[in-house]
Amino acid sequence: MTVDEAISDLLSISTDIRRLVVLDSDGTVLGAGPGEAGTEVSAAAGGLWRAAAERGADAATDSPLVHVVVDLGDAAVVALEAGGRRIVALTEADRPLGLVLFDLRTCLADAFSEERAPDRAPDAAPGDGTDAAAVKGPS
Amino acid sequence: MRLRSAAVMALAAAATAVALVRRRRRAASPPPAAHLGRGDGSIVRLAADDPGLPALRARAAELRAALETVR
């Protein structure tokens, strides 16, 4: 499945997510839906991530940030990182957060499932979930 | 019969009381305005009066504006 297909799949099944963009580790836009994304998304996503990391720096743990959700009243902005990539989304307000995060993680896992396939052990059973586990971090 | 209707009324009153307590609890602790999730599974929940929230909201608003152009 390509990045565009994974995005299209997610937008077709989710009523919570309005727009989303998949970014590479250096901020390059890898895919977007339902239209094209400009470089301003990359800059804005980086800005939010840095601000969140700064705010969370005083927490007791030094574990890296994996997701940020900010409620904006009539909508929410969600950013999630997994497997060295980032996915950012604009969602409807007051939606089940766990479900939105799961959907975004699944979209990232699906988008890069072919890329990770050669790393799979030859004796691994198809569909044993190892791919998803590699990309999905704890929520 | 009278005993049965008294029991029903008591149950209804108890249910109303529980609903009221739940509603008050929800009002007393509004949902967090932001979540920061970490790799170890911990979550930092920011309340509406968190001093770090305005900066985070400003960045989130910029990202929202950028995402709104994806159409």
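**Note on the predicted two-chain model**

1. Chain A contains 5 helices and 5 strands. The model is a predicted one. Read from the N terminus, the order of elements in chain A is α-β-β-α-β-β-β-α-α-α. Of the 139 residues in chain A, 42% are buried. Contacts in chain A between residues at least 6 apart in sequence include a share of 50% that join residues at least 24 apart.

2. Helix α3 of chain A covers residues 97-111, which is 15 residues. Its first and last C-alpha atoms are 21 Å apart, close to the 21 Å expected at 1.5 Å a residue. Because 11 of its 15 residues are buried, α3(A) is largely enclosed by the rest of the structure. A residue is counted as buried when 20 or more other C-beta atoms lie within 10 Å of its own. The buried set includes the leucines A:Leu97, A:Leu101, A:Leu104 and A:Leu108. Also buried in α3(A) are A:Asp103, A:Arg105 and A:Asp110, along with A:Val100, A:Cys107, A:Ala109 and A:Ala111.

3. What packs against α3(A) at an angle of about 150°? The partner is helix α1 of chain A, residues 3-13, and the two axes are 8 Å apart. Angles over 145 degrees count as roughly antiparallel, and α1(A) and α3(A) are therefore roughly antiparallel to each other. Their crossing is right-handed. On the α1(A) side the residues in contact are A:Val3, A:Ala6, A:Ile7, A:Asp9 and A:Leu10. On the α3(A) side they are A:Asp103, A:Cys107, A:Asp110 and A:Ala111.

4. Most residues other than glycine have a negative phi, and most peptide bonds are trans. The peptide bond between A:Gly33 and A:Pro34 is cis, with omega about 10°. A:Pro34 sits in the loop between β2 (29-33) and α2 of chain A. A:Asp94, a residue other than glycine, has a positive phi near 55°. A:Asp94 lies in the loop between β5 and α3 of chain A. With 13 other C-beta atoms within 10 Å, A:Asp94 is partly exposed.

5. The contact between the chains takes 38 residues from chain A and 26 residues from chain B. On the chain A side, the elements that give two or more residues are β1 (17-23), α2 (39-56), β3 (65-71), β4 (75-82) and β5 (85-92). Of these, α2(A) provides the largest share, 10 residues.

6. How do α2(A) and helix α2 of chain B, residues 53-68, cross, and within what distance do their axes come? The crossing is at roughly 160°, and the axes come within 8 Å. With the cut-off for this class being over 145 degrees, α2(A) and α2(B) are therefore roughly antiparallel to each other. α2(A) passes α2(B) in a left-handed crossing. The residues of α2(A) that meet α2(B) include A:Val41, A:Ala44, A:Leu48 and A:Arg55. Those of α2(B) include B:Leu56, B:Arg59, B:Leu63 and B:Leu67. Both lists also hold a glutamate, among them A:Glu40 in α2(A) and B:Glu62 in α2(B).

7. B:Ser42 is in the loop between β1 (34-38) and β2 (43-46) of chain B. Leaving aside residues up to four places away in sequence, B:Ser42 touches A:Thr61 and A:Ser63. B:Ser42 counts as partly exposed, because it has 14 C-beta neighbours inside 10 Å. From B:Ser42 to B:Val70 the C-alpha to C-alpha separation is 32 Å in space and 28 residues in sequence.

8. Chain B is divided into domain 1 (1-30) and domain 2 (33-71). The C-alpha centres of these two domains lie 37 Å apart. B:Met9 belongs to helix α1 of chain B, residues 2-28. Is B:Met9 buried or exposed? With 10 C-beta neighbours inside 10 Å, B:Met9 counts as exposed. B:Met9 and B:Ile43 are 34 residues apart in sequence, and their C-alpha atoms are 43 Å apart in space.

Note on methods
Residues are numbered from 1 along each chain as its sequence is written. Chains are lettered from A and ligands numbered from 1 in the order in which they are written. This is a predicted model: local features need pLDDT of at least 70, side-chain atom pairs count only at pLDDT 80 or more; totals for chains, interfaces and linings use all residues. Helices (H or I, at least four residues) and strands (E, at least two) are DSSP runs, numbered from the N terminus. The expected span of a helix is 1.5 Å times one less than its number of residues. A residue is buried if 20 or more other C-beta atoms lie within 10 Å of its own, exposed if 12 or fewer, and partly exposed in between; C-beta atoms are placed from the backbone. Domain bounds come from an automatic or database domain assignment. Axes are lines fitted to C-alpha atoms, for helices over the stretch in contact, and angles run from 0 to 180 degrees between N-to-C directions. Angles under 35 degrees count as roughly parallel, over 145 as roughly antiparallel, 65 to 115 as roughly perpendicular and the rest as oblique. A crossing is left-handed if the near helix is turned anticlockwise from the far one by less than a right angle, and right-handed if clockwise. Two residues are in contact if their C-beta atoms, placed from the backbone, lie within 7 Å.
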